[in-house]
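The sequence and structure are shown first, and the description follows.

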Amino acid sequence: MGHFILRRFVQTLIVLFFVTIFAFFLIRLAPGNPAIMMLPDGAPESAVKEMEIKLGLDKPLYVQYYKYIKGIFTEDFGLSTAYKRSVGSIIRARFPYSAKLAIWSVLIGCVIAIPLGIIAGSRQGSATDFFAMMFALLGQSMSPVWLSVLNMLVFGVWLKWLPTTGTGSYKHYILPILTLAYPMAASIARIGRSGMIDTLSEDYITATYARGLSKFKVNWKYAFRNALVPIVTLVGIQMGSFLAGTIIVETVFGVAGIGQLLNIAVGNRDYALVQSLLLISSLCFVVINFIVDIINSFIDPRNKLN
Amino acid sequence: MNNSIIWKRMKRSPFFMVGLIVIMFLFVMVFIIPSFVHYKPTENNLMETFRSPDWLSKGLKGHVLGTDELGRDVFSRLLYGGRYSLMIAFIVVFLQIIIGTVLGIVAGFFGGIIDSIIMRLCEIVLAIPNLVLAIAIMAVMGKNLSNLIFVLTFAGWVDSCKVTRNNAEVVRSQDFVRASTALGATNSRIMFREILPNITTPIIILASQRFGFTILLEAALSFLNLGIQPPIPSWGNMISAGRSFMAIYPWLVFAPGIALMLCILAFNFIGDGLRDVLDPKRKM
């Protein structure tokens, strides 16, 4: 087990290293001089030179990269050109909102979808199965763009049950969380169902029936455990990408998280901020995937071999 | 498997048939109907803003789905927007499959260090969430159509690469490949004449599933004003613009929203149906 974790950890570090290189060079492809963008229009040549030195743009690339990596470890991500504040402090102020959305929507999605998928899979072809799959197919086809606007219109504007924008009370979170949870619940239900169907056709399940175990026990004790592996993987991927940017949902519902921040930063051409957000979102994603692999290797030891 | 068996199975798969019919309907709507519509998608008319839908009471001469904040005909914009989305999706999926298949076969065939490099490349792209990656690249490279196609392709080629690689690796060690190696076939002949024809099924299934994802991602980018730029219509930017007026003029978001949902649903049906038809062992 220790060997497996270590190997995955080293792989994760290598991937992260290349992501930093990608983020570093991506921003340098951007048109325009960041030093000029920090200054008011028509700033003199000398002021631009001074700003270049302040931002470290006069140094060779590898020195800039070294400084940038050092910055990551000391939580110094540089200066936001639009906010004129340190990127770290802006992200730290906004991250909790995104985390709240991510955690709640994953929880609600799982609570709805896991039982649904398992029951649908163990009663393949029944009416329950049919309705569960209709629910799932519709959910997978809902673009977050359309679903968030629709929810806002129906529950916020027409029925006036819930507030449409902002983050004042818990009520403000209900619509964004539901918007995020539905498509996720849909894919979890489908993967749970197909996992169940695959597992139930295996020989060892027939063997447990032959030993006289009840259907309930077979489903929930033996088959469920096997069907859980793809579910955990999927939940991990979803959770990682939620943290990374519930960009659409946060923009529509005016939640001041890092997804909305990315949209604003792109509009402001605030490249230091875009770069850090790219890095942080992939960090979340990769770390969660790492944790998922470890969890899965406990659920099903065969996974270590892959 | 010969063609008549496949066609028989297709007819028996309700998902596939429903998806196919809806997609054919959408194609007729976006590629043929626009030539009969009276209004142009980018034609402003500030005397006629926010007209409510005439439905079909005046035929295609009226504003079937009303007009928007600049007096443009929503029906016409909807159809042209769909045309852009579908064309972009086709180009993008085609490019993704070409890139993914070539890299995947090369990785699976040679193995070793080449395989490791290509697989690490996949992991790096996968480590950055799709939409974040697309937004960051769009922001840096600038918003235009060719960049949009590049970004969508770049964000999604990994799946087909991984699938192709795993299948190619299995086929590589089979006897007929060894036989053609012994007969002195070149590497490229083995890869594209021997291995490729044996792994087309998973590639076709994957390609059909990529359409839905691509349209979703394009809509998200256009919604954030990073995709197709106004005044050129797309379903994403129509929802984005209609959002400000939706409380009073809901058809401005309903028309593109329902079209988007229907389109993705149909492609997902086809993807699932195709998997049932071509790969009956793995039923979802």
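## Two packed helices of chain B

In this predicted model, the crossing of α10(B) and α12(B) is left-handed. Their axes come within 9 Å and cross at roughly 170 degrees. The two helices are therefore roughly antiparallel to each other, since angles over 145 degrees count as such. In general, the angle between the axes and the distance between the axes are what describe two packed helices.

Which residues of α10(B) meet α12(B)? Those of α10(B) include Thr201(B), Ile204(B), Ile205(B), Phe211(B), Gly212(B) and Ala219(B).

## Chain B as a whole

Chain B contains 12 helices and zero strands. Its C-alpha atoms fill a box of roughly 75 × 50 × 30 Å along the principal axes.

Of the 284 residues in chain B, 46% are buried. Among contacts in chain B with a separation of 6 or more, 69% join residues 24 or more positions apart.

Two backbone features fall in the loop between α10 and α11 of chain B. With 18 other C-beta atoms within 10 Å, Asn225(B) is partly exposed.

Pro231(B) is found in the loop between α10 and α11 of chain B as well. The peptide bond leading from Pro230(B) to Pro231(B) is cis, and its omega is near 10 degrees.

## The contact between the chains

How many residues does each chain bring to the contact? Chain A provides 38 residues and chain B provides 33 residues. On the side of chain A that touches chain B, the helices that each supply at least two residues are α1 (2-28), α6 (127-140), α7 (144-158), α8 (171-200), α10 (215-244), α11 (247-253), α12 (258-267) and α13 (271-299). Of these, α7(A) gives the most, with seven residues. Sorted by class, this side of chain A has 27 nonpolar, 10 polar and one charged residues.

## Helix α7 of chain A

The helix α7(A) has 15 residues. From its first C-alpha to its last, α7(A) reaches 20 Å, close to the 21 Å expected at 1.5 Å a residue. Its buried residues are Pro144(A), Val145(A), Trp146(A), Leu147(A), Ser148(A), Val149(A), Leu150(A), Asn151(A) and Met152(A).

What do the buried residues of α7(A) pack against? Within chain A they pack against α8 and α11. In chain B, their partners are α10 (200-223), α11 (235-242) and α12 (251-278). The helices α10(B) and α12(B), described above as roughly antiparallel, are thus among those that the buried residues of α7(A) pack against.

## After α7 of chain A

Just after α7(A) comes Lys160(A), which is found in the loop between α7 and α8 of chain A. Although Lys160(A) is not a glycine, its phi is positive, at about 55 degrees. Is Lys160(A) buried or exposed? Lys160(A) counts as exposed because it has 9 C-beta neighbours inside 10 Å, and a residue with 12 or fewer is classed as exposed.

Methods. Residues are numbered from 1 along each chain as its sequence is written. Chains are lettered from A and ligands numbered from 1 in the order in which they are written. This is a predicted model: local features need pLDDT of at least 70, side-chain atom pairs count only at pLDDT 80 or more; totals for chains, interfaces and linings use all residues. Two residues are in contact if their C-beta atoms, placed from the backbone, lie within 7 Å. Helices (H or I, at least four residues) and strands (E, at least two) are DSSP runs, numbered from the N terminus. Ala, Val, Leu, Ile, Met, Phe, Trp, Tyr, Cys and Pro count as nonpolar, Asp, Glu, Lys and Arg as charged, and the others, Gly among them, as polar. The expected span of a helix is 1.5 Å times one less than its number of residues. A residue is buried if 20 or more other C-beta atoms lie within 10 Å of its own, exposed if 12 or fewer, and partly exposed in between; C-beta atoms are placed from the backbone. Axes are lines fitted to C-alpha atoms, for helices over the stretch in contact, and angles run from 0 to 180 degrees between N-to-C directions. Angles under 35 degrees count as roughly parallel, over 145 as roughly antiparallel, 65 to 115 as roughly perpendicular and the rest as oblique. A crossing is left-handed if the near helix is turned anticlockwise from the far one by less than a right angle, and right-handed if clockwise.
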